[in-house]
Amino acid sequence: MSGPGATPIARWAPYAMSGPAFLLFATLLLVPLLLTAILSFSQFDHHSGIKAGVTLQHYAVVITDEFYHEIFLRTLRLSAVTTLICVAVGAPEAYILSRMSGRWRAVCLLVVLAPLLISVVVRAFGWSMLLGREGLVNQLLELAGIGRQRLLYTESAVIVGLVHIMMPFMIIPVWTSLQKLDRTTEQAALSLGASPVTVFRRIVVPQVLPGILSGSLIVFGLSASAFAIPGLLGGRRIKTVATLIYDEYLHELNWPLGAAIAVILLIANLLIMLGYNRLMERRYRRALG
Amino acid sequence: MAFLTLTDIRKDYGAVTAVTDFSLTVAKGEFVSLLGPSGCGKTTTLHMIAGFVPVSAGRIRLDGRDITHAKPNSRGLGVVFQSYALFPHMTVAENVGFGLEMQRVSKTERATRIAEALSLVHLEAYAVRYPRELSGGQRQRVALARAIVIRPPILLLDEPLSNLDAKLREEMQFELRAIQRRLGTTTIMVTHDQTEAFSISDRVVVMEAGRITQVDAPYRIYEHPRTRFISHFVGKTNLLEARVTQAGRGGRAAIGGQLFAVDLPVQMVADAPVALAIRPEKLRLMEAGSGRIGGTIASRYFLGSQWLYHVDTPLGMLLAVLPNDGSIPHEEGESVGIDWADEAIRLLAEDEVAA
Ligand SMILES: Nc1ncnc2c1ncn2[C@@H]1O[C@H](COP(=O)(O)OP(=O)(O)O)[C@@H](O)[C@H]1O
Ligand SMILES: [Mg+2]
């Protein structure tokens with residue numbers, strides 16, 4: 001259609017048609033991003049607020065202050081652990097779902113995906129009720145004779161909440177990959193003497209790796225910038241980068257510092273995801289195309 | 001000597017019966033083909049032997065052991081799938097070595113046996129390639145090497161050649177047979193292609209709608225098909241609807257005024273309808289006026305080694321195939337005489353299964 005011999009209309013049509021989407025993308029993503037980046041270089045003073053002039057001071061603060069290091073490392077750790085759990089639980093779950101027969105599969109898929117229909121905040125409150133001092137989990141622990149534990153406002157609580165929210169984002173891409181899997185490769189492996197576990201590990205997982213890869217990128221990216229879950233289940237103690245940015249903007253009113261942290265989070269996120277993607281692609285490009 | 005015995009095997013999918021009353025014994029080293037139209041239950045039968053599909057009823061015995069309910073990964077059978085089912089994320093060598101790895105064969109022995117298997121299928125040079133970097137014929141060979149490297153007691157092949165182009169398919173037929181002879185592996189091959197089944201099998205099992213309708217050597221099946229369906233399915237045939245004039249040994253049947261000598265069962269009564277068949281290559285064309293009946297060449301087709309004629313006769317349109325011996329062929333519209341030997345006439349049973 002848009003070859004060298006195409007008429008001018010045919011040549012411009014694709015651009016014209018993607019114009020509205022581009023405009024939306026630009027106004028909703030690129031412009032705020034640009035404004036944030038500009039803001040992060042602005043000078044700031046607690047008495048007079050944002051002042052004219054350019055500075056790298058906010059970046060210097062974040063890069064040199066251990067307080068910020070700890071929060072960045074914690075965010076990284078929480079996201080990585082969440083991603084790992086989602087892979088370990090979500091991939092087998094998607095596999096089992098894809099092996100179920102018609103009606104059960106529909107029901108179970110609905111159970112897995114239904115949480116997406118409920119607001120993150122509502123789900124986070126649900127968890128905080130379950131994990132609270134008088135919550136159901138603690139009541140059960142007491143009944144079992146273990147006694148009450150501090151569950152809420154811990155890293156574990158944040159991870160539990162994140163895994164719950166993120167699971168569908170792992171299951172859907174893995175599920176899609178599984179649809180393309182040739183079932184006879186599993187039968188072939190069985191006939192060659194492999195146990196079902198070996199078949200899953202050696203035959204199924206490598207073939208759905210592209211799905212696991214995109215699933216983990218989505219989960220990691222969303223977890224690293226998650227706000228509601230760490231905010232509600234981590235409380236004041238378990239600060240993450242997203243809650244930190246919120247604090248800088250709304251409590252400290254230091255918008256430029258908040259913007260600088262946001263930009264650093266964005267860059268860190270991008271670097272980690274690109275690196276991971278490259279690593280995986282290099283290992284499996286020849287085999288999986 | 002029965003090596004593999006299937007006794008009254010049956011498979012139901014809900015209300016659908018895919019295979020029923022399937023009994024077969026296969027001797028050690030034998031090459032048996034399951035031949036039948038698409039959907040007649042060939043793959044289901046093969047998958048029951050392999051253990052991928054649980055049997056609904058019946059027994060399977062292999063070398064004295066009852067494997068009816070054994071897990072597929074404990075049967076040790078070599079399977080080649082129609083789609084080849086190669087592991088796309090493994091190299092050719094890794095594909096072939098997978099079964100040996102599962103058997104915990106040592107790394108050095110594994111390397112030797114992979115090399116052996118690959119040289120058997122002429123793929124030594126492709127060990128480090130991935131399946132997607134191979135042609136269809138090469139993938140097919142990898143699938144075969146992967147199945148035979150574990151030295152299975154039985155090799156199961158599901159339409160192994162149907163994804164190859166005609167020329168390659170013919171080459172691979174003979175190669176498959178040569179490899180099977182060399183290894184002496186008992187082999188069961190599924191196919192819907194009669195030439196393929198005939199050219200390389202010791203015995204052919206004809207299946208129709210989930211049942212066996214005839215088991216015989218390829219030559220016997222071609223020359224003595226039991227039913228109309230088989231006669232049509234395993235080659236071209238001229239079907240003649242006749243009436244009995246005299247039953248029993250040396251009996252007779254007639255179509256119009258033309259009498260045929262055929263062995264008819266004694267219980268047939270005079271004037272009962274019978275189906276007779278004669279293969280097109282058993283008809284001889286000669287000068288008009290001679291032979292049993294006369295006819296006119298309606299059309300002719302050149303097949304290279306043969307000429308195929310449609311001849312309009314009082315018995316209906318007959319198909320005749322004559323070798324291209326270099327002589328001048330008959331022209332369309334030419335009057336000819338047709339003759340045949342009495343022994344070439346076959347009596348067919350009515351089809352038992354609604355196809
Ligand atoms: N998993 C299944 N569920 C229901 N019916 C099936 C299943 N597999 C095969 N069948 C049916 O069993 C019959 C035989 O199938 P198959 O063995 O694949 O035939 P063939 O290999 O001879 O073409 C077909 O009618 C098919 O529709
Ligand atoms: Mg089939």
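Predicted model: local features only at pLDDT ≥ 70, side-chain atom pairs only at ≥ 80, totals over all residues.

Biologist: Let's begin with chain B. What share of its 355 residues counts as buried?
Modeller: Chain B has 9 helices and 20 strands, and its C-alpha trace spans about 75 × 50 × 35 Å along the principal axes. Among its contacts with a separation of 6 or more, 64% come from residues 24 or more positions apart. The buried share of chain B is 52%.

Biologist: Now helix α1 of chain B, residues 42–50. How many of its 9 residues are buried?
Modeller: The buried residues of α1(B) include B:Lys42, B:Leu46 and B:Met48, and B:Gly51, with a positive phi near 95 degrees, follows the helix. The helix is largely enclosed by the rest of the structure, because the number of its residues that are buried is 8.

Biologist: What about ligand 1? Which residue has a polar side-chain atom 2.5 Å from one of its oxygen atoms?
Modeller: The surroundings of ligand 1 include B:Tyr13, B:Pro37, B:Cys40, B:Lys42 and B:Thr44. B:Cys40 comes in with a polar backbone atom, 3.2 Å from a ligand oxygen, and B:Lys42 also uses a backbone N or O atom, at 2.9 Å. The side-chain atom at 2.5 Å belongs to B:Thr44.

Biologist: On to where the chains meet. How much area do chain B and chain A bury between them?
Modeller: The interface puts 26 residues of chain B in contact with 23 residues of chain A. Carbon and sulfur atoms carry 63% of the buried area. The total is about 2100 Å².

Biologist: Which residue of chain A pairs with B:Glu101 in a salt bridge?
Modeller: The count between chain B and chain A is 1 salt bridge. Its closest N and O atoms are 2.7 Å apart, and the partner of B:Glu101 is A:Arg202.

Biologist: Which helix gives the most to the side of chain B that touches chain A?
Modeller: Two helices of chain B, α2 (72–75) and α3 (92–102), each supply at least two residues of that side. The residues there divide into 15 nonpolar, 6 polar and 5 charged. With 4 residues, the top contributor is α3(B).

Biologist: Staying at that boundary, which residues of chain B does A:Thr184 touch?
Modeller: A:Thr184 is in helix α8 of chain A, residues 183–191. Its relative accessible area is 18%, so it counts as buried under the 20% cut-off. Its side chain also makes a 2.7 Å polar contact with the side chain of A:Asp182. Across the boundary, A:Thr184 touches B:Phe81, B:Ser83 and B:Ala85.

Biologist: Let's go further into chain A. Is A:Thr83 buried or exposed?
Modeller: A:Thr83 is in helix α3 of chain A, residues 66–99, and touches A:Met170, A:Ser216, A:Val219 and A:Phe220. A relative accessible area of 9% makes A:Thr83 buried.

Biologist: And the salt bridges within chain A: why does the pair A:Glu155 and A:Arg74 tie together parts that are 81 residues apart in sequence?
Modeller: The closest N and O atoms of A:Glu155 and A:Arg74 are 3.3 Å apart. A:Glu155 is partly exposed at 23% relative accessibility, whereas A:Arg74 is buried at 9%. The pair ties those parts together because A:Glu155 lies in helix α7 and A:Arg74 in helix α3 of chain A.

Biologist: How far apart are the closest N and O atoms of A:Glu155 and A:Arg77?
Modeller: A:Arg77 is partly exposed, at 43% relative accessibility. A network of salt bridges links A:Glu70, A:Arg74, A:Arg77 and A:Glu155. Within the pair A:Glu155 and A:Arg77, the closest N and O atoms are separated by 2.7 Å.

Biologist: Last one. How many salt bridges does a search of the whole structure find?
Modeller: One more pair to look at is A:Lys239 and A:Asp247, whose closest N and O atoms are 3.1 Å apart. Both A:Lys239 and A:Asp247 are buried. Over all chains, the number of salt bridges is 25.

Notes:
Residues numbered from 1 in each chain as written. Chains lettered and ligands numbered in written order. Heavy atoms only, no water. Contact = heavy atoms within 4.5 Å. Buried area = accessible area lost by both parts, 1.4 Å probe. Salt bridge = Lys/Arg side-chain N within 4 Å of Asp/Glu carboxyl O. Nonpolar A, V, L, I, M, F, W, Y, C, P; charged D, E, K, R; others polar. Buried < 20%, exposed > 50% of the residue type's maximum accessible area, 1.4 Å probe, protein only. Polar contact = N/O pair within 3.5 Å; in protein donor to acceptor, adjacent residues only side chain to side chain. Near = heavy atom within 4 Å. Lists of a residue's contacts leave out its neighbours within four places in sequence.
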